Amino acid sequence: MADTSGHADRADRLVRAALICGGAGKLCPADRVTQLLEAIIKPGDRIAIEGDNQKQADFLAAALTKVDPARIHDLHMVQPVLALPEHLAVFERGIANRLDFAFAGPQSRKLADLVAAKTVRIGAIHTYLELYARMLVDLTPHVALIVADQADREGNLYTGPNTEDTPTIAEAAAFRGGVVVAQVNEIVDRLPRVDIPSDWVDVVVPSPTPYRLDPLFTRDPAKIRDENVLMAMMAIAAVYEPYQVRCLNHGIGYATAAIELILPTFGVRRGLKGKVASHFVLNPHPTLIPAIEAGFVESVYCFGSEVGMEQYVSKRAGIFPIGADGTLRSNRTLAQIAGQYACDLFIGGTLQIDAQGNSSTATMGRITGFGGAPNMGADPRGRRHDSPAWLRAGQEAGDSLRGRKLVVQMVQTRQPNGDPSFVERLDAFDLAASAGLALPPVMIYGDDVTHVITEHGVANLLRCRSPQEREAALRAVAGDTDFGRRQSSNTSDDLRRHRIVMVPADLGIDTETATRDWLAAKTIDDLVTASGGLYVPPAKFRSAAATHA
C-alpha cells in the first residue's frame, strides 16, 4: 500500500493553522505568526527558511526564534544562506540543533563558535545545487518559510525581480506533504504576474515591514585599487582573449569588478569587443553597466536582482530576462545550472589555496561556506556542446576526447588582514576534525582549477603535466610568502619559458600603466551617469559617492 502518512500529517497541520488564522482563509495576522509556527511545526521537523543571498524571510525567521523550546525543539534547519542573527538564534535557544546549509558569510564567525561549542551539528556544507537537490530527495522540508513581494487573497505570489530560491523551496515542500508559509510585503487584489501559484502556498503572513533586501553584489569603483586593475588586465590578456571566452560567470569581488570596468577600455584596446564576455550568468552588477552600454554584453541571466538596478534592468529588456510586467525574473537554481553547463569560464576568489591547488573559504574560526562556487567552479563532466574556449582548454590539458571548463582563481598573495593566501595545508583539514566532518570542506578542488592569477602573474595549470609541475607553478605566482619563497627563481624562470607561468610583461602589460585610469567608471556617481540616471544606488553607496565627489 502507498504511504500517505505525510499528506495526512499535512492535513492535521493545516487544521491547526486554520484555527490560528481565525477564518481569514490563508491570511494569518502578523501578531499570530509565532502561534502559527507552534501549531504547524513538530519537534524534529526539517525546516527551510528562505534566506537567500539578498532577500530574507526575516519576519518569519524572527518569529521562529520566539517559539517555546519546550514545545518546539530538535529542529533540523535546511537553508541555503545563514545571513541573519536569527538564523543562529534558534540554535542558541535550543529550538534547533542540526544544520545543513550552503553559505554563511555574514554569520561565519558566529557559526564557527557554535560548532566549536557543540551547539550546532553540521550535516554538510553544501553547494546551492546540492542542497536544492537534497531538498527534493532526502532533506525535504516539513515546513517551508518563504518570502515574496505581494500576494493576492487566494495565495498566489509575486516575487518581483528577486525570485531567487523561492520556487525551489516552495516546490520541494508543497509536493511532499509539507506546509508552505509565505511572508509578503502586501496583499493586493491583482498581481503583476504570478510567480508561485496559490496551490503551492498554505498560509500568507503580511509582514509589518518590507522584507530585508541586501545589495550584496554592489562594489564601489572608488575602492578598486591599482593591484585589482593589474590582475584584471592579466585575466583578460591570459584567459579571455586567447580562449575567446564568450559565456562566463564572475564571482563577487573587486578584482572581477575591475574586469567588468576595463572591458570598455582595455578590452577595446585589445580589439576584443564582440569577441569575448558577451553572455553572462550574473546578478545585475552595477559595475557591468559601462560594458553593457559599450555593446560588449548581449545577455545576462540572473540568480537574483540587485538593489537600485531595477529601473536600469527593466529598460534593458534585450539584455535581461524581463517579464510581461516589465520586471526581471530571476531564479537561483536555474542560474546555478546555467553557470555550470552553459558557461565556459568561472572566475572567482578564495581565502586559501594549497600546494595542490585546492581552495577553501572554510577556515578555523570562520565557516563561510561555498554558495555556488563549487558548482560553477567545476568541470561539468556531463557537458557535450563545444565552444572555442572549451575545446582549447581541453587541448592544452592534453585531452583529445573532450574539452575543459576554464576555472580561474583570482587572489592576491595576502588577504586584507595580512594572512597569506597560499598555504601548505588548508585550515579545512583541521576544521573537518574539530567539526566532525567526514571530509575537509574544500571549495574548489585543485584538479578543476585551470588558472591562478595573483598580482605577480598567471599560472596556467592546464599546461602542467605532473603534480610537481602544478605545485611549482603555484609557488611561482605566490610572491613574497613562505609558500612562494620555498622555490628557486630558476625553477620559476623555466616555467615562464614554457608559458606555464606568465608575468605582466609576457602578456604585453606595462605595470607602470596598470592603474585605475583604465576604469570606465571610477565612482558610484560615474555608474549612475553611465546608466543614464536609471541606476539608483542604495543609501550607503550614495553616501560613499558624496564622499568621493
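This is a predicted model: local features need pLDDT of at least 70, side-chain atom pairs count only at pLDDT 80 or more; totals for chains, interfaces and linings use all residues.

Entry 1: Which side chain does glutamate 38 meet in a salt bridge? I found arginine 71 there, with an N to O distance of 3.2 Å. The pair links distant parts of the chain: glutamate 38 is in helix α2 (residues 33-40), while arginine 71 belongs to the loop between α3 (58-64) and β3 (75-81), and 33 residues separate the two. Arginine 71 is partly exposed, at a relative accessible area of 46%.

**Entry 2: two more pairs.** Next I looked up arginine 193 and aspartate 325, whose side chains meet in a salt bridge at 2.8 Å, N to O. Buried or partly exposed, I asked of arginine 193? Arginine 193 is at 15% relative accessibility, so I put it down as buried. Aspartate 325, at 23%, counts as partly exposed.

Then I took aspartate 379 and arginine 404, which form a salt bridge at 3.9 Å, N to O. Aspartate 379 is in the loop between α13 (373-376) and α14 (388-396), and arginine 404 is in the loop between α14 and β19 (406-410), 25 residues away. Both aspartate 379 and arginine 404 are buried.

**Entry 3: the tally.** How many salt bridges are there by this rule? I get 33. I also noted a network of salt bridges that links Asp9, Arg13, Lys42 and Asp45.

**Entry 4: helix α15.** I listed the buried residues of α15 (residues 427-435) and got Ala428, Leu431, Ala432 and Ala435. Why do they line one face of the helix? Looking down the axis of α15, I see these buried residues fall within an arc of 105 degrees, so one face is what they line. As for what covers the buried residues, I noted α5 (108-116), β16 (359-360), β17 (362-363) and β18 (366-367) among the elements involved. After α15 comes glycine 436, with a positive phi near 75 degrees.

**Entry 5: valine 205.** I clicked on valine 205 in strand β9 (residues 203-206). Valine 205 counts as buried because its relative accessibility is 0%. Leaving out neighbours within four places in sequence, I found valine 205 in contact with residues including Cys28, Ala30, Val33, Leu36, Phe59 and Leu60. The list of contacts also includes Val181, Ala182, Gln183 and Val184. I checked alanine 291 too: it is 86 residues from valine 205 in sequence and 41 Å away in space, C-alpha to C-alpha.

**Entry 6: the second largest pocket.** I logged a volume of about 350 Å³ for this pocket. Which residues lie nearest its centre? Of the 20 lining residues, Ile125, Phe370, Pro441, Val442 and Tyr445 do. Strand β5 (residues 121-125) gives the largest share of the lining, 3 residues. By type, I count 14 nonpolar, 4 polar and 2 charged residues in the lining.

Notes:
Residues are numbered from 1 along each chain as its sequence is written. Side-chain values use heavy atoms; hydrogens and water are left out. Buried means under 20% relative accessible area, exposed over 50%, partly exposed in between (1.4 Å probe, protein chains only). Helices (H or I, at least four residues) and strands (E, at least two) are DSSP runs, numbered from the N terminus. The arc is that of the directions from the helix axis to the C-beta atoms. Contact means heavy atoms within 4.5 Å. On a 1 Å grid over the protein atoms alone, a cavity is a set of points where a 1.4 Å probe fits but cannot get out, and a pocket is an open set with protein on both sides within 12 Å along at least five of seven lines; lining residues have an atom within 4 Å of a point. Grid points are joined across faces, edges and corners, and a volume is the space filled by probe spheres set on the points. Ala, Val, Leu, Ile, Met, Phe, Trp, Tyr, Cys and Pro count as nonpolar, Asp, Glu, Lys and Arg as charged, and the others, Gly among them, as polar. A salt bridge is a side-chain nitrogen of Lys or Arg within 4 Å of a carboxyl oxygen of Asp or Glu.
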